[in-house]
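Reader: I would like to go through the terms used for this entry and check each one against its cut-off. Please show the sequence and the structure first.

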Amino acid sequence: QVWLVESGGGLVQAGGSLRLSCAASGSGFSSSIMGWFRQAPGKQRELVARISTGGTTNYADSVKGRFTISRDNAKNTVYLQMNSLKPEDTAVYYCNAALFANISWGRGTQVIVSS
């Protein structure tokens, strides 16, 4: 079981940057596929970015070239660097860990991008 706590959200102007962090505790972080999801008001939760145990990444088309996911297994932490933010990036961002059939979620961190 992996427990996740997100941080780094906030209010930023369009064009600005934020870095989200997700600190994991428990066992299995280095063996988990880690992801960032987001949910905007009235919309379904969607995948933003994912990173495998070996460092392979994939991104939603809407964030390619602007967001970068990374992980530090020594610190049990996954990051999401978000650049060139747009108002449509406004959402609650959730960290996710997938270890075989076990899925863990954090409580989320709010990101608001003002125009």
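Reader: How far apart are the mean positions of the positive and negative charges of the protein?
Author: The 11 positive and 6 negative charges have mean positions 3 Å apart. Lys and Arg count as positive and Asp and Glu as negative, with His and the chain ends not counted. Each charge is placed at NZ of Lys, CZ of Arg, CG of Asp or CD of Glu.

Reader: What are the ground rules for these values?
Author: This is a predicted model, in which local features need pLDDT of at least 70 and side-chain atom pairs count only at pLDDT 80 or more, while totals for chains, interfaces and linings use all residues. Residues are numbered from 1 along each chain as its sequence is written, and side-chain values use heavy atoms, leaving out hydrogens and water.

Reader: How many helices and strands are in the protein?
Author: There are zero helices and 11 strands. Helices (H or I, at least four residues) and strands (E, at least two) are DSSP runs, numbered from the N terminus.

Reader: Why is Arg66 called buried?
Author: Buried means under 20% relative accessible area, exposed over 50%, and partly exposed in between (1.4 Å probe, protein chains only). Arg66 has 10%, so it is buried. Buried residues make up 42% of the 115 residues.

Reader: What makes the pairing of the Arg66 and Asp89 side chains a polar contact?
Author: The two side chains are joined at 2.8 Å. A polar contact is a pair of N or O atoms within 3.5 Å; within protein, one must be able to donate a hydrogen and the other to accept it, and residues adjacent in sequence count only if both atoms are side-chain atoms. Arg66 itself is found in the loop between strand S6 (57–59) and strand S7 (67–72).

Reader: Why is Gly10 called partly exposed?
Author: Its relative accessible area is 24%, so Gly10 is partly exposed. Gly10 is found in strand S2 (residues 10–13).

Reader: Which residues is Gly10 in contact with, leaving aside its neighbours within four places in sequence?
Author: Contact means heavy atoms within 4.5 Å. On that basis Gly10 is in contact with Leu18, Gln110, Val111 and Ile112. The C-alpha atoms of Gly10 and Gln110 are separated by 6.1 Å, although the residues are 100 apart along the chain.
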